[in-house]
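This report goes through a single protein chain by way of its cross-links, its helix and its strands. The sequence and the structure are shown first.

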Amino acid sequence: MKFIAATLIALSSFSAFSAGIDTTIARIEAQKDAVCSRTSISAFNFCTGPASYEARLCFYSVKYTCYSTDGDFTVKLRVKESSKGSNVTKVSFLK
């Protein structure tokens, strides 16, 4: 039981800076031998500046439900979107 708790804590602090959403989910699926499907995207997006602003940044979160032989889990990705693309800035594993 302690091993599972330690693993969950270690995984919850996992960061995937500068990786895209698809790449991050593919990496999680490979590491955990799981299949993940998107369940929700946050309704609240925080954006800096007007839509026409070239350096505009938007932040939002995406949740995935993952099914694995070791047990099902939920992944929450914090995403930063700019004119250059989307990057995952934080990965949280939820039970």
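A disulfide is taken here to be a pair of cysteine sulfur atoms within 2.5 Å. By that criterion Cys-36 and Cys-66 are joined, their sulfur atoms lying 2.0 Å apart, in what is a predicted model.

## Disulfides

The structure holds two disulfides, and when the bonded cysteines are numbered in sequence order their pairing reads 1-4, 2-3. The link of Cys-36 and Cys-66 is right-handed, with 110° about the S-S bond. This pair connects distant parts of the chain, since Cys-36 belongs to strand E1 and Cys-66 to strand E3, 30 residues apart. The other disulfide joins Cys-47 to Cys-58, with a sulfur-to-sulfur distance of 2.1 Å, and the link of Cys-47 and Cys-58 is likewise right-handed, with 115° about its S-S bond. Here too distant parts of the chain are linked, Cys-47 lying in strand E2 (residues 46-48) and Cys-58 in strand E3, eleven residues apart.

| Residue | Relative accessibility | Class |
|---|---|---|
| Cys-36 | 13% | buried |
| Cys-47 | 25% | partly exposed |
| Cys-58 | 12% | buried |
| Cys-66 | 0% | buried |
| Ser-61 | 13% | buried |
| Asp-33 | 56% | exposed |
| Lys-84 | 81% | exposed |

The cut-off for calling a residue buried is a relative accessible area under 20%; Cys-47, at 25%, therefore counts as partly exposed, whereas Cys-58, its disulfide partner, counts as buried because its relative accessibility is 12%.

Within H2, the residues Ile-21, Thr-24, Ile-25 and Ile-28 are buried. They cover an arc of only 95° around the axis, which means that they sit on the same side of H2. An α-helix has 3.6 residues a turn, so residues three or four places apart point the same way. On the other side of H2, Asp-22 and Ala-30 are exposed. The buried residues of the helix pack against four strands, namely E1 (34-41), E3, E4 (73-82) and E5 (85-94).

What follows H2? The helix is followed by Asp-33, whose phi is positive, at about 50°, although Asp-33 is not a glycine. Most residues other than glycine have a negative phi. Asp-33 is found in the loop between H2 and E1, and it counts as exposed because its relative accessibility is 56%, the cut-off for that class being over 50%.

The largest nonpolar core has 16 residues, of which Ile-21, Tyr-64, Val-75 and Leu-77 touch the most other members. H2, E1, E3, E4 and E5 each supply at least two residues of this core.

Ser-61 lies in strand E3, which runs over residues 57-68. This serine counts as buried because its relative accessibility is 13%. Apart from neighbours within four places in sequence, Ser-61 is in contact with Ser-40, Ile-41, Ser-42, Lys-76, Leu-77 and Arg-78.

## The E4–E5 hairpin

How do E4 and E5 run, and how many bridges join them? The two strands are antiparallel and are joined by nine bridges, and they form a hairpin with two residues between them. Across this pairing, Thr-74 stands opposite Leu-94 in E5. Lys-84 lies in the loop between E4 and E5, and it counts as exposed because its relative accessibility reaches 81%. Although Lys-84 and Ala-55 are 29 residues apart in sequence, their C-alpha atoms are 9.3 Å apart in space.

Notes
Residues numbered from 1 in each chain as written. Predicted model: local features only at pLDDT ≥ 70, side-chain atom pairs only at ≥ 80, totals over all residues. Heavy atoms only, no water. Buried < 20%, exposed > 50% of the residue type's maximum accessible area, 1.4 Å probe, protein only. Contact = heavy atoms within 4.5 Å. Arc of directions from axis to C-beta. Core = buried A, V, L, I, M, F, W, Y, C linked by side-chain atoms within 4.5 Å. Pairing = 2+ DSSP bridges.
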